[in-house]
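Here's a quick briefing to read alongside the structure. Take a look at the picture, then go through the points below.

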Amino acid sequence: MKRHLISAADLTRDDAVLILDTAEEMARVADRPIKKLPTLRGRTVVNLFFEDSTRTRISFEAAEKRLSADVINFAAKGSSVSKGESLKDTAQTLEAMGVDAVVIRHGASGAPYRLATSGWIDAAVVNAGDGTHQHPTQSLLDAFTMRRRLVGRDAGLGRDLAGRRITIVGDILHSRVARSNVQLLHTLGAEVTLVAPPTLLPVGVGHWPCAVSYDLDAVLPKSDAVMMLRVQRERMNAAFFPTEREYSRRYGLDGDRMAKMPEHAIVMHPGPMVRGMEITAEVADSDRCTAVEQVAGGVHTRMAVLYLLLGGNEPAVTHARTEETK
């Protein structure tokens, strides 16, 4: 593993499979009565969140505490950032406190890369989402969920997603989740198709390692997994489609559309969901929807990332058994 995790594009196939396999071992730890490992005892991890978050922040915090790290939560609201403090000054403050890792979410694309490469801080940096750029741990937990559902919990160990057909639907333009997933799923051998109205596709999408379609109904029968994305109104400064009703009719997933998918296919959503917009309640509450599984897998996957960045490169299960025998 490298020193930092900034982008899904930084990961090779072997890196990604190692993280997914380690996450499976972490999931087994979660099945035990005592769910903690002493791996990061004495290490300090700061969750540096400049944007609102529920799932990602809580997921990282749970992962850090299960690895016995000392956790400091930092929110921009109510901090010196609201008084005008720069990212550099905040980073140097954390460096003076001797932190070992920083998990950062920032509204500006490139902020985690800047933090990792500037020399302001001597700590591992994990990108928890930067602007519309990248969200690598989300793509890893999505791949973890796909591999479990489509290949099998035990059968998937050491394997990638070669030949699997994944469809990502919705607001691609503003989605860091879509960018990270396209890159990681391509690395893992999957065939990715993006489905969105032309106004919600980024410039240059033709150079991405994926196919593009404007017709959701044509793609669904060939999909092993369909990932629905929320329309990110908070990042929009113009009208990208006529009405919510029109968008939902063309690009929303309802029961009738779900019935067109193969029997083994799954429905995914990174959250938060807007029921009635990109996904109906019938689909969101069905057995084929993995939204809750993705949250659970997020803790295991982030434990794996932190373990490999800070704890060592030996298999986690070996470490866990060694600690149990002491």
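Is proline 272 buried, partly exposed or exposed? Proline 272 is partly exposed, because its relative accessible area is 37%, where buried means under 20%, exposed means over 50% and partly exposed is in between (1.4 Å probe, protein chains only).

Before going on, a word on the source: this is a predicted model, where local features need pLDDT of at least 70, side-chain atom pairs count only at pLDDT 80 or more, and totals for chains, interfaces and linings use all residues. Residues are numbered from 1 along each chain as its sequence is written, and side-chain values use heavy atoms, with hydrogens and water left out.

**The annotated site**
- An unreviewed UniProt entry lists Arg55, Thr56, Arg105, His135, Gln138, Gly271 and Pro272 under "binding site"; such annotations may be inferred rather than shown by experiment.
- Arg55, Thr56, Arg105, His135, Gln138, Gly271 and Pro272 are also included in the lining of the largest pocket. On a 1 Å grid over the protein atoms alone, a pocket is an open set of points with protein on both sides within 12 Å along at least five of seven lines, and lining residues have an atom within 4 Å of a point.

**Two residues from that list**
- Proline 272 sits in the loop between strand E9 (266–268) and helix H10 (281–284); helices (H or I, at least four residues) and strands (E, at least two) are DSSP runs, numbered from the N terminus.
- Leaving aside neighbours within four places in sequence, proline 272 is in contact (heavy atoms within 4.5 Å) with Arg55, Arg230 and Glu278.
- Threonine 56 belongs to helix H2 (residues 55–66), and it counts as buried because its relative accessible area is 7%.
- With neighbours within four places in sequence again set aside, threonine 56 is in contact with Phe49, Arg105, Ala128, His135 and Arg302.

**A four-stranded sheet**
- Four strands form an open sheet in the order E2-E1-E3-E4, with parallel pairing; two strands pair if DSSP finds at least two bridges between them.
- Strand E2 (70–75) and strand E4 (124–130) are the edge strands, each pairing on one side only.
- Strand E1 (residues 44–49) pairs with strand E3 (residues 101–106) in the parallel sense over five bridges, and valine 45 has alanine 101 in E3 as its bridge partner.

**Cysteines**
- Searching the whole structure turns up zero disulfides (pairs of cysteine sulfur atoms within 2.5 Å).
- Cysteine 210 is buried at 17% relative accessibility, and cysteine 289 is buried with a relative accessible area of 10%.

Methods. 1 Å grid on protein atoms, 1.4 Å probe; cavity = no way out; pocket = protein on both sides within 12 Å on 5 of 7 lines; lining within 4 Å.
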